[in-house]
Every structure is written in C-alpha cells, then in structure tokens.
Amino acid sequence: MPPSPHELRENAQFHSILQSVIGIHAHEDPDVRSQAQAMASSGGANLGSGGSLFPQQRQRRTWRQAPGYGGGGGAGGNGAGGASSQGGMGSAGRGGHIHVYDYRHPPDFGRIPDPEDIFGSLELDGEGNFVDGHGNYQSSGTYRICTRDGILGLSPFLRQRLIERLQQEDEMMG
C-alpha cells in the first residue's frame, strides 16, 4: 500500500536535490520546451479570425444579420467574436511564465496545475524563448512530493537527470 500524504515525512535533502536538478535542467526538457512553444503560439487565434486556417473574409450583410450580432472569429469572421478568436494558451507575444509540474496529475491543456503539483516556474520572452537562456527558474515553495494523487512523477528527461545526480551524490558519500 503506497504511503499517504499524512504518513510520509519529506526528506529535505532530497527535496533540495530535486529542486536543484529541475532548476538546472528544466529548460532542456522536451516536454517543457513544448509547453514554452505553446505559450508563445497564438493559440486558437489561427482557427478563425484571419489566421492561417480560415483567412479573414469580409462578410456580406444579409437580411438575417442584424447589426451587432454574429460575425465573430469562429467561422472566418472579423475577429471580434468569442474566445476561439482570442487565442488559447498563447501569450500574445508578451512572454510570461510556464510551470514545471509533477506528472502524477497533469492539468488539462491551457490550465494551471494544482499548487502542490508545481515544482516551479520558468520565464519566457514573447517568442517562447527562455529568458537568459535558462528561464530564471524559481521554485514554487508549494510542491509536495506525496499527495492524494500519488508520489513524485517526473518527465522521462528530468527523471534521468535526477537519477544521474543521485548517483553522483552516492559516489561522493563513498
């Protein structure tokens, strides 16, 4: 039977090593890089408001269209429509932060993970590049190694970096 959050006492040294590995390597993780590119993209804006899939078209007004109704961006309208024409997860070229999170309970696309699942955050510029080449990683301070959803879950890339670091620590201890 796996431990519960109430039964497990976190190892502060392990937690420190974990955060160090994530801080050093998160910007190299293919999954994190993909998340950065999604942040930089225009999201759903290309799906109907003059984007690449449905070019913006001037609509002819018919007797059925009253002023102020319809013509949103969802079907090739003028872009003044609903959320689908305003973009999805994209940052509109302003940059921002992405979260590096535990895989035990991944969030739905475009959603923020639970605070207890966030290892930390990386900063991006408006083009989806990591600021200073590494993203200025900041630990969240809210991450829990064990929650109701399970125990630590890393991406394959970060898991391998953590194993390598733990092996180094083991060799140093003799």
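Helices (H or I, at least four residues) and strands (E, at least two) are DSSP runs, numbered from the N terminus. The views show a predicted model, in which local features need pLDDT of at least 70, side-chain atom pairs count only at pLDDT 80 or more, and totals for chains, interfaces and linings use all residues. Residues are numbered from 1 along each chain as its sequence is written, and side-chain values use heavy atoms, with hydrogens and water left out.

**View 1. A salt bridge joins E164 and R161 in helix α3.**
A salt bridge here is a side-chain nitrogen of Lys or Arg within 4 Å of a carboxyl oxygen of Asp or Glu. The N to O distance for E164 and R161 is 3.1 Å. The two residues are three apart in α3, so about one helical turn separates them. E164 is partly exposed, at 32% relative accessible area. R161 is buried, at 18%. Buried means under 20% relative accessible area, exposed over 50%, and partly exposed in between (1.4 Å probe, protein chains only).

E169 is buried, with a relative accessible area of 18%.

**View 2. D102, R104 and D117 make up a salt-bridge network.**
R104 meets D102 at 3.4 Å, N to O. Both R104 and D102 are buried. The whole structure holds five salt bridges.

**View 3. Three strands form an open sheet.**
The order is β1-β2-β3, with antiparallel pairing. Two strands count as paired if DSSP finds at least two bridges between them. β1 and β3 (138-139) are the edge strands; each has a single partner, so one side of each lacks a neighbour in the sheet. Six bridges link β1 and β2 in the antiparallel sense. I98 has L122 of β2 as its bridge partner.

**View 4. The largest nonpolar core has 20 residues.**
Such a core is a set of buried Ala, Val, Leu, Ile, Met, Phe, Trp, Tyr and Cys residues joined through side-chain atoms within 4.5 Å. I22, I98, V100, F119 and L122 touch the most other members. At least two residues each come from α1 (12-25), α2 (30-40), β1 (96-101), β2 (118-124) and α3 (156-173). α1 gives the largest share, four residues.

**View 5. Contacts surround I98.**
Contact means heavy atoms within 4.5 Å. Leaving out residues up to four places away in sequence, I98 touches V32, Q35, A36, M39, G120, S121, L122, L124 and F130.
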